[in-house]
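This report goes through selected local features of one chain and then its overall totals. The sequence and structure come next.

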Amino acid sequence: MEIKNTEELTDELKKNSFTSNKNFFNDEEIKFLVDSCNNIESTNKVKEFFKNENSSENLYVNEFSEKTFFSTIATNIIGINENLDRFFERTLNHQDIKIILTKVLGPNYKINNFVMRYADEKSKFLGWHQDDHKAFSMMILLNDVSDKSATTSFIKGSHLFNYNFSNSLEKLNPNYFKSISSRATGKKGDLIFFLNKSIHGMKVGNNSKVILICFVPEENKNTKYIFPKLTRYNIEFPVALGNELKRLFLLDENFKKNKIDNSLDAHKRIIDEEV
């Protein structure tokens, strides 16, 4: 695991709002990551879009995958495979990754979202939009992604526009403005970094699978996860996860006794409904 020039990468981010890095993982690491994620995809049941009634708190559900409003498949993949959790701990605790995240977000960044996303030609496009202007995302490609794939598109330099478009452009298909947009393409194992302030969206196409991790400064974190007591490999979450993942998820803070009790009841209801 290595990023050869973090300074050059962050300079490109400042200029374009997105950049990529190849060869961060070696072949053995890529094979492990892809095989582990493929196994989760093949064994998880898929449930229709689930919306928690309390929008400020989200149950961290990894017992099944969710078919989203956009007909993509989203999977919370932490707490399913012990070795995979250790892999992500090493990745997010890597010096080069931490340097980039700290330069963009400051030292107290947290995870706002961490999912595996599958999309294909049956998915719906996600129109041009901007997210939280303080958010920053890292994408790991799990298969080779080309211009013909379902993938995220960016309007180059749009993070510098002196106007907040927010969702005002979301009805526009990312296939529009091809001449001024770029797509998140590359080989499996490649990293894509992008500022969520950029105007971006998702075009549909051939199947693609990615890990999407969205980071925000702690003061901007708006997703409060309620974790189940146990991982799917039957170890309590605060014991199973490494220190960096616990810090990023605010796990120790969110795993107070009342949170555990509430999450156990809520998760049991969801699983009962699924059965």
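## The N143 side chain

The side chain of N143 reaches the backbone nitrogen of K209 at 3.1 Å. This is a polar contact, that is, a pair of N or O atoms within 3.5 Å; within protein, one must be able to donate a hydrogen and the other to accept it, and residues adjacent in sequence count only if both atoms are side-chain atoms. The model is predicted: local features need pLDDT of at least 70, side-chain atom pairs count only at pLDDT 80 or more, and totals for chains, interfaces and linings use all residues. Residues are numbered from 1 along each chain as its sequence is written, and side-chain values use heavy atoms, with hydrogens and water left out.

N143 sits in the loop between β8 and β9 (151–155); helices (H or I, at least four residues) and strands (E, at least two) are DSSP runs, numbered from the N terminus. With a relative accessible area of 17%, N143 is buried, where buried means under 20% relative accessible area, exposed over 50%, and partly exposed in between (1.4 Å probe, protein chains only). Apart from neighbours within four places in sequence, N143 is in contact (heavy atoms within 4.5 Å) with G186, K187, K188, N207, S208 and K209.

## Helix α1

Helix α1 covers residues 6–16, and its buried residues are T6, L9, T10, L13 and N16. They span an arc of only 145° around the axis, so they lie on the same side of α1; the arc is that of the directions from the helix axis to the C-beta atoms. E8, K14 and K15, on the other side of α1, are exposed.

The packing partners of the buried α1 residues are β1 (18–21), α4 (95–105), β8 and β11 (191–195). At the start of α1, a side-chain oxygen of N5 comes to within 3.2 Å of the backbone nitrogen of E7. S17 follows α1 and has a positive phi, near 85°.

## Helix α2

The 17 residues of α2 (residues 27–43) should span 24 Å at 1.5 Å a residue, and the end C-alpha atoms are 24 Å apart, which agrees. The expected span is 1.5 Å times one less than the number of residues. N26 caps the N-terminal end of α2, with a side-chain oxygen 3.1 Å from the backbone nitrogen of E28.

Buried in α2 are E29, I30, L33, V34, S36, C37 and I40. Seen down the axis of α2, these fall within an arc of 165°, so they line one face of the helix. They pack against β5 (73–75), α3 (82–92), β6 (109–119), β8 and β13 (208–217). On the other side of α2, the exposed residues are D27, E28, K31, S42 and T43.

## Positive phi in two loops

N234, in the loop between β14 (224–226) and α5 (237–240), has a phi near 65°, a positive value in a residue other than glycine. N234 is exposed, with a relative accessible area of 60%.

L250 is not a glycine either, yet has a positive phi of about 55°. L250 lies in the loop between α6 (243–248) and α7 (251–254), and at 15% relative accessibility it counts as buried.

## Chain totals

The chain contains eight helices and 14 strands. Of its 275 residues, 53% are buried. Among contacts with a separation of 6 or more, 83% join residues 24 or more positions apart.

The accessible surface of the chain is about 13600 Å², with 47% of it belonging to carbon and sulfur atoms. Accessible areas come from the Shrake-Rupley method with a 1.4 Å probe; for residues, only the protein chains shown count as cover.
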